[in-house]
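Subject: Structure for your review

Dear colleague,

Please find below the structure that I am handing over to you. My notes on what was found in it follow directly after it.

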Amino acid sequence: MIERSLFSEEHNLFRASARRFVEERIAPFHAEWEKAGQVSREIWAEAGEGGFLCCSVPEEYGGVGADFTFGAIFTEELARVGSTGPAFHLHSEIVAPYITAYGTEEQKRKWLPGLVNGSVITAVAMSEPGAGSDLQNIRTTAIADGDDYVINGQKVFISNGQLADLVVLACKTDPAAGGKGVSLVLVEGDRAGFTRGRNLDKIGYKAQDTSELFFNDVRVPKSNLLGVEGRGFKQLMQQLPQERLVIAVRSATIVETALDWTLDYTKQRKAFGKSISDFQNTQFKLAEVKSQAVMLRVYVDKCIELHLKGDLTAVDAAMAKMQSTEMMCQVLDDCLQLFGGYGYMWEYPIARAWADNRMARIAGGTSEIMKQIISRDILQD
């Protein structure tokens, strides 16, 4: 592997601590969480106590004011053990930045300390039954009524939906204005009229609670508006590159990890009197995966570098997200094939990774949407 140049000794110490936490407090309990359909609230508190949540939140709001690389490291370490239950990356690298970037001083002081210590679990609610990637056409409304907004609508596929104490809700404050009528509103989990549907039964990601959310005349004060009314769509677009980069970071690590699992298995497994790794087909496939892993890692690390300087564009992030998830899914399929029948057994991590990570080509914007973003850029002249 080409040596990574992003990290200092401080980063390496943080990685060692994160790896220890993940191996001792996450991996041994993940099978239990898969059966339960969600992780425990206690693990959120432990992650907060260990300093692994919302590393980029400024010190005055309870964080440490670190850069994105610390969150990326924690995301990598979770991916390395095949952990999909605790949606820490969503909470820390996607939701917290909305509040940090657009929140009022009162909102930051009220919510960010709880996000950092794990006592407040968050979700972001964009997708609807009739609007997934097409965010301009969401139908959930928040209509002004005196000093309040009255919210009505439905969301679907919401990670942390069962556990969330606070939801960043994408809604229409002006239904007639299209994308210019979208706003972001903070909704507390205990608001009257806010209900959670069933914990959705998914192909993978069994340990992560993913829910439908329903809003029936939910009243929230106008002080819960996040940012500027009518600027929600723009705010979403400003934050989506980091979300897509997080997905790419995770995908690159899963490719590397799948290669490690497959190398170990093919060296040990015998067929026709020799190791599977002795067959030319296996050797060629492993060579392909190794080459893909190295090239993907170099590009994703470059995107992290650009992001740290504020230079990561929406197109850069779209390419990273599209290529990393497409490559990951192909690699997982190829590696599973080398496991033979055992690759289809849930007890093998390659099987869980194969089932879990198919959703990466959909979440955060489908591959087709990424292609639209990229093609629009190259054809704009």
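Arg 361 is partly exposed, with a relative accessible area of 24%; buried means under 20%, exposed over 50%, and partly exposed in between, with a 1.4 Å probe and protein chains only. The side chain of Arg 361 meets that of Glu 326 in a salt bridge, at 3.0 Å from N to O. A salt bridge here is a side-chain nitrogen of Lys or Arg within 4 Å of a carboxyl oxygen of Asp or Glu. This pair links distant parts of the chain, 35 residues apart: Arg 361 lies in the loop between H10 and helix H11 (367-378), and Glu 326 in helix H9 (residues 314-338). Helices (H or I, at least four residues) and strands (E, at least two) are DSSP runs, numbered from the N terminus. Glu 326 also counts as partly exposed, at 25% relative accessibility.

Please note that this is a predicted model, in which local features need pLDDT of at least 70 and side-chain atom pairs count only at pLDDT 80 or more, while totals for chains, interfaces and linings use all residues. Residues are numbered from 1 along each chain as its sequence is written, and side-chain values use heavy atoms, with hydrogens and water left out.

How many salt bridges does a search of the whole structure find? The search finds 22. One of them joins Lys 110 to Glu 188, with the closest N and O atoms 3.9 Å apart. Lys 110 is in helix H6 (residues 105-117) and Glu 188 in strand S5 (residues 182-188), 78 residues apart. Lys 110 is exposed, with a relative accessible area of 52%, whereas Glu 188 counts as buried at 8%.

Another salt bridge joins Arg 219 and Asp 145, whose closest N and O atoms are 2.3 Å apart. Arg 219 belongs to strand S7 (residues 210-221) and Asp 145 to strand S2 (residues 141-145), 74 residues apart. Arg 219 is partly exposed at 38% relative accessibility, and Asp 145 is partly exposed at 37%. There is also a network of salt bridges, whose members include Arg 4, Glu 76, Arg 80 and Asp 301.

Strand S7 also holds Thr 210, which is buried, with a relative accessible area of 6%. Thr 210 and Glu 188 are 22 residues apart in sequence and 17 Å apart in space, C-alpha to C-alpha.

In a regular strand the side chains alternate between the two faces of the sheet. Both faces of strand S1 (residues 122-125) are covered: Thr 122 and Val 124 on one side, and Ala 123 and Ala 125 on the other, are all buried. Strand S1 runs parallel to strand S4 (residues 166-172), and four bridges join the two; strands pair if DSSP finds at least two bridges between them. Val 124 stands opposite Val 168 in S4.

Finally, which residues form a nonpolar patch on the surface? They are Tyr 342, Tyr 344, Met 345 and Trp 354, with about 430 Å² of accessible area together. Trp 354 sits in helix H10 (residues 349-356) and is partly exposed, with a relative accessible area of 34%. Patches are made of residues with over 30% relative accessible area and no salt bridge, like charges being joined within 9 Å and nonpolar side chains (Val, Leu, Ile, Met, Phe, Trp, Tyr) within 5 Å. Accessible areas come from the Shrake-Rupley method with a 1.4 Å probe, and for residues only the protein chains shown count as cover.

Yours sincerely
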